[in-house]
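Hello,

I am passing a structure on to you, and my notes on it follow below. Could you read them with the model open beside you?

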Amino acid sequence: MVNLLHLRTLLEVTRLGSFAAAAARLGYTASAVSQQMAALERDTGVELFHRSARSVVPTEAALTMVRHASKVLTDVETLLAAASRSTDSPVQELRLGIFPSLATYILPDILRNPRWKKLGIELRVWVAEPSQTIQGLRTGGELDLALVYQVGQSGLAWPHTLDRQWIGDDDFRVVLPASWGIREDAEMQASQLSDMPWIMHHPGTSDAVVIERLFASCNLHPRVVAYSDDFHASLEMAAAGLGAALVPELALRHRPPGVVVLDVPDIRLARNVFALLLNEKRTAQVQLFTELLADTLRGSTATVRARSAATMPKTTQKSTPKPRT
């Protein structure tokens, strides 16, 4: 029998291209991921990866298995939900803490998804920043499940008694006013952006500290013209020509006209999204909900990237920014 946990790990290894990256995403060690893949190879009788000292490359057999694994896992989720309903189990109330951009762009997609209607969950939603929702996530507290994010190794912390599950990553992207004449998805070095006006996070927050350190390591010393922790406001100000901004892909779901998204290889930063759960609240229904959440987030970021690619001009010429005064 094929272990479904091993199939989920296979999907992440092939998506990310390494055991170590998949381990970091799933909360395992690289050795545990390697052991899972070895067990999957034994169970299926096929070689799944060409291994070398520096990389793992999926075989054709692995790619074929990946194409079918997503459907298999979805079918299993449906089966479990149907079995739960057949026992006349009561609707489970889930008190959910969720940060604003996830509530704005992901939760509505979940509530419209036919899979959601089969879960038998009644939501009670509290929209707030992670630092607030974590406070409500304790035995006897206001919440059962909190959806939070970390930027790099920021100062956000939670009790070790909580069960943590990685949901996905929300990558940051550099956006500029279209009026500056730089084409969509132009590849540029971070140092080329130093002379431009920037819209930055408010100083002193954990996210701002991580971003400032990243910019300094790239020799990017922005000329700040505005401080904003509201990504919608940052995008609108960028669209109006005020300055460049660093915003997560979720915020780009409804980006305004008048901004372009750049490819800046030096700037690689993401919000790592996690579900934090009280152990006594874990049920099959909650597990299906978190898996639906992960699938929806993955689909959302893929949509943003596809839209960005669709707006790219056919030329591959790189653009050089003009300093702003």
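Thr296 sits in helix α11 (residues 284-310); helices (H or I, at least four residues) and strands (E, at least two) are DSSP runs, numbered from the N terminus. Leaving aside residues up to four places away in sequence, Thr296 touches Ile106, Asp109 and Ile110, a contact being heavy atoms within 4.5 Å.

Before going further, please note that this is a predicted model, in which local features need pLDDT of at least 70 and side-chain atom pairs count only at pLDDT 80 or more, while totals for chains, interfaces and linings use all residues. Residues are numbered from 1 along each chain as its sequence is written, and side-chain values use heavy atoms, with hydrogens and water left out.

The overall picture

The protein has 11 helices and 11 strands. Of its 325 residues, 46% count as buried. Among contacts with a separation of 6 or more, 77% are accounted for by residues 24 or more positions apart. The accessible surface comes to about 15,900 Å², and carbon and sulfur atoms hold 54% of that (Shrake-Rupley method with a 1.4 Å probe; for residues, only the protein chains shown count as cover).

Helix α3 and its partners

Helix α1 (residues 4-16) packs on helix α3 (residues 30-44) at an angle of about 115 degrees, with the axes 9 Å apart. Axes here are lines fitted to C-alpha atoms, for helices over the stretch in contact, and angles run from 0 to 180 degrees between N-to-C directions. The two helices, α1 and α3, are therefore roughly perpendicular to each other (under 35 degrees counts as roughly parallel, over 145 as roughly antiparallel, 65 to 115 as roughly perpendicular and the rest as oblique). From α1, Leu5, His6, Leu7, Thr9, Leu10 and Val13 meet Val33, Gln36, Met37, Ala39, Leu40 and Asp43 of α3. The residues of this contact divide into eight nonpolar, three polar and one charged; Ala, Val, Leu, Ile, Met, Phe, Trp, Tyr, Cys and Pro count as nonpolar, Asp, Glu, Lys and Arg as charged, and the others, Gly among them, as polar.

Helix α2 (residues 19-26) also packs with α3, at about 110 degrees and with the axes 8 Å apart. This pair, α2 and α3, is therefore roughly perpendicular too. Phe19, Ala20, Ala22 and Ala23 of α2 make the contact with Ala30, Val33, Ser34 and Met37 of α3, and its residues divide into seven nonpolar, one polar and no charged.

Do have a look at Met37, which is in helix α3. Met37 is buried, with a relative accessible area of 0%. Residues up to four places away in sequence aside, Met37 touches His6, Thr9, Leu10, Val13, Phe19, Leu48, Phe49 and Arg51. Met37 and Phe19 are 18 residues apart along the chain, and their C-alpha atoms are separated by 9.1 Å.

Two loop residues

Asp185, in the loop between β6 (163-177) and β7 (197-200), has a positive phi of about 65 degrees although it is not a glycine. Asn219, in the loop between α9 (206-217) and β8 (223-227), also has a positive phi, near 60 degrees. Asn219 is partly exposed, with a relative accessible area of 48%.

Best wishes

How values were computed. Buried < 20%, exposed > 50% of the residue type's maximum accessible area, 1.4 Å probe, protein only.
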